[in-house]
Amino acid sequence: MHVIYGGTFDPIHHGHLRLAVELRERLGVPEVSLMPCHVPPHRDQPGATSEQRVALLKLAIADEPGLALDDRELGRDGASYTAETLRQVRAELGPHEPLTMVLGTDSFAGFDRWQEWQRIPELAHIVVVRRPGPGLAPGSVPERLLQERRVDSVEALYGAPCGHILELDPPLLDISATGVRERILSGRSPRYLLPDSVWQEIRHRRLYGA
Ligand code: ATP
């Protein structure tokens, strides 16, 4: 099974990295691919360039063979749409290999505003990671989609190439990239929220107002 965990990673922090390790173990895969997005269509512009975010991500996973970088969305001009990306990955994997994309509940709540969202379950499974917050609105499209496609075990994901939705509830660290950026900008220390190598590089390159 191929597992993609996408995000802005602006910058990558221990919340992301711990989740990636938990996912690797819970989903029973040798590797989880972290996929930074180029121009995120659904949020404000990030605080570092794509190249800078990737450089930080590479440092963060340098000595962890279970985490990989997939920077394919950065090679494309303009917005990266998940359906398009998954189509590309699916073409590489062939029709039978299970493919899974990971989303937080906050992202999945707006799923029906994504370009070609109906195509996505035809390309991949979705793992929805429960995050603190309001959750899915009852009767909303994402909530109905979850009811229709929900499975209760990881094994079910291995039984089909795509189409299932699994909710997971791994322990999450209370860290956000916004909080990290705010600390750096206001001259407070973000230490221990992110790897030291990443913080060093942020200072070296004077990113986020460091
Ligand atoms: P920002 O604060 O800028 O919104 P973020 O820290 O939420 O950033 P993103 O790059 O937007 O990071 O997140 C990528 C993915 O990681 C999303 O699916 C999000 O739900 C998830 N995520 C973010 N922070 C954490 C965390 N502390 N623990 C687990 N998952 C997280």
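Hi everyone, let me begin with Ser50, which at 7% relative accessibility counts as buried (buried is under 20% relative accessible area, exposed over 50%, partly exposed in between, with a 1.4 Å probe and protein chains only). Before I go on, a word on the source: this is a predicted model, where local features need pLDDT of at least 70 and side-chain atom pairs count only at pLDDT 80 or more, while totals for chains, interfaces and linings use all residues. Residues are numbered from 1 along each chain as its sequence is written, and side-chain values use heavy atoms, with hydrogens and water left out.

Back to Ser50. You will find Ser50 in helix H2, residues 50–61; helices (H or I, at least four residues) and strands (E, at least two) are DSSP runs, numbered from the N terminus. Leaving aside neighbours within four places in sequence, Ser50 is in contact with His38 and Leu74, where contact means heavy atoms within 4.5 Å. The Ser50 side chain also makes a polar contact with the side chain of Arg53, at 3.2 Å. By polar contact I mean a pair of N or O atoms within 3.5 Å; within protein, one must be able to donate a hydrogen and the other to accept it, and residues adjacent in sequence count only if both atoms are side-chain atoms.

Now, the ligand. Which residues are closest to the ligand? They are Tyr5, Leu173, Ile175, Ala177 and Thr178, out of 20 residues that surround it, counting a residue as near if one of its heavy atoms lies within 4 Å. Strand E1, helix H1 (14–27) and helix H7 (177–185) each supply at least two residues of that shell. For polar pairs, a polar side-chain atom of Thr178 lies 2.5 Å from a ligand oxygen, an N or O atom in the side chain of His13 is 2.9 Å from a ligand oxygen, and a polar backbone atom of Gly104 is 3.3 Å from a ligand oxygen. Taken alone the ligand exposes 600 Å², and the protein buries 89% of that; these accessible areas come from the Shrake-Rupley method with a 1.4 Å probe, and for residues only the protein chains shown count as cover.

Next, the loop between E1 and H1. Phe9 sits in that loop, has a positive phi near 50°, and is buried at 3% relative accessibility. Pro11 is in the loop too, and a cis peptide bond joins Asp10 and Pro11, with omega about 0°. For context, most residues other than glycine have a negative phi, and most peptide bonds are trans. His16, in helix H1, is in contact with Tyr5, Phe9 and Pro11, leaving aside neighbours within four places in sequence. At 14% relative accessibility, His16 counts as buried.

Last stop, helix H3. H3 spans residues 82–93, twelve in number, and reaches 16 Å from first C-alpha to last, close to the 16 Å expected at 1.5 Å a residue (the expected span is 1.5 Å times one less than the number of residues). Buried in H3 are Ala83, Thr85, Leu86, Val89 and Arg90. Why do the buried residues line one face of the helix? Seen down the axis of H3, they fall within an arc of 155°, so they share one face; the arc is that of the directions from the helix axis to the C-beta atoms. Their cover includes strands E1 (2–7), E2 (32–36) and E4 (99–104). Turned away from the buried side are the exposed residues Ala91 and Glu92. Just after H3, Gly94 takes a positive phi of about 85°.
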